[in-house]
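Please look over the fold below before reading on. My notes follow as numbered points.

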Amino acid sequence: MKMHSNRPAPYTAAVKIWIAGLVLGPVFLFIGTALLSLDNTNMDLEIFLIWGYMVLYGGIFSLPSAALLWLSLTLQCRFRQTPSGFWYTVLGITFVLTAAPFLLLIFLFGELRFTGLLVAYLAGIWLGVYWAYRGAKFEKQPTDDVPLDANV
């Protein structure tokens, strides 16, 4: 017996994950920065301007990663996976797509301060994964052997 999945469409999930990372990444960065430098409490309107620039530039530069995420979610939708396999794959893909640009910046500039950006954006993206797939049900796996091309 095959159970139907109520997972969101890959495009919808990719957009939710991308938007969450785009909006929440700078928020987490500001929270982390504020917690690390408690002596500087000069929070004014400039912080919203910086947040806006981060969202604008982050949105432009993260479009290739969003497209690759959509492609990978589409491929995952075509092939049946166990729920744990699905989660490991989604979290692994989002980690690689988020970490690669920041690790490149760390390598090129030798600045470890980009690590904070990586952690902040990764937290936002993983919250986006939760937002996109909360309450999703996964198809029941068949117990018999199924050929690899059965879902194509």
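**Notes on the helical fold**

1. The protein has five helices and zero strands. Helices (H or I, at least four residues) and strands (E, at least two) are DSSP runs, numbered from the N terminus. From the N terminus on, the order of elements is α-α-α-α-α.

2. A word on the source: this is a predicted model, in which local features need pLDDT of at least 70, side-chain atom pairs count only at pLDDT 80 or more, and totals for chains, interfaces and linings use all residues. Residues are numbered from 1 along each chain as its sequence is written, and side-chain values use heavy atoms, with hydrogens and water left out.

3. The protein has 152 residues, and 29% of them count as buried. Buried means under 20% relative accessible area, exposed over 50%, partly exposed in between (1.4 Å probe, protein chains only). Take the contacts between residues at least 6 apart in sequence: 84% join residues at least 24 apart. Contact means heavy atoms within 4.5 Å.

4. How do H4 and H5 pack? Their axes come within 10 Å and cross at roughly 160 degrees. H4 is therefore roughly antiparallel to H5. Axes are lines fitted to C-alpha atoms, for helices over the stretch in contact, and angles run from 0 to 180 degrees between N-to-C directions. Angles under 35 degrees count as roughly parallel, over 145 as roughly antiparallel, 65 to 115 as roughly perpendicular and the rest as oblique.

5. The H4 and H5 crossing is right-handed. A crossing is left-handed if the near helix is turned anticlockwise from the far one by less than a right angle, and right-handed if clockwise. On the H4 side, the contact includes Phe95, Thr98, Phe102 and Ile106. On the H5 side, it includes Leu118, Tyr121, Leu122 and Ile125. By class, this contact has 19 nonpolar, three polar and no charged residues. Ala, Val, Leu, Ile, Met, Phe, Trp, Tyr, Cys and Pro count as nonpolar, Asp, Glu, Lys and Arg as charged, and the others, Gly among them, as polar.

6. Thr98 sits in helix H4. Is Thr98 buried or exposed? Thr98 has 6% relative accessibility, so it counts as buried. Beyond neighbours within four places in sequence, Thr98 contacts Leu118, Tyr121, Leu122 and Ile125.

7. Ile106 is also placed in helix H4, residues 83-109. Its relative accessible area is 17%, so Ile106 is buried. Neighbours within four places in sequence aside, Ile106 touches Glu111, Leu112, Phe114 and Thr115.

8. Next, H1 and H5. Helix H1 (residues 10-36) packs on helix H5 (residues 114-133) at an angle of about 140 degrees, with their axes 7 Å apart. H1 is therefore oblique to H5. H1 passes H5 in a right-handed crossing. The residues of this contact are 18 nonpolar, five polar and one charged.

9. The largest nonpolar core has 13 residues. A nonpolar core is a set of buried Ala, Val, Leu, Ile, Met, Phe, Trp, Tyr and Cys residues joined through side-chain atoms within 4.5 Å. Ile17, Leu69, Leu73 and Tyr133 have the most contacts inside this core. H1, helix H3 (63-78), H4 and H5 each supply at least two of its residues. H5 gives the largest share, four residues. A second, separate core of 12 residues includes Leu29, Phe102, Ile106 and Leu118.

10. Finally, Tyr133. Neighbours within four places in sequence aside, Tyr133 is in contact with Arg7, Pro8, Ala13, Ile17, Leu73, Phe86 and Trp87.
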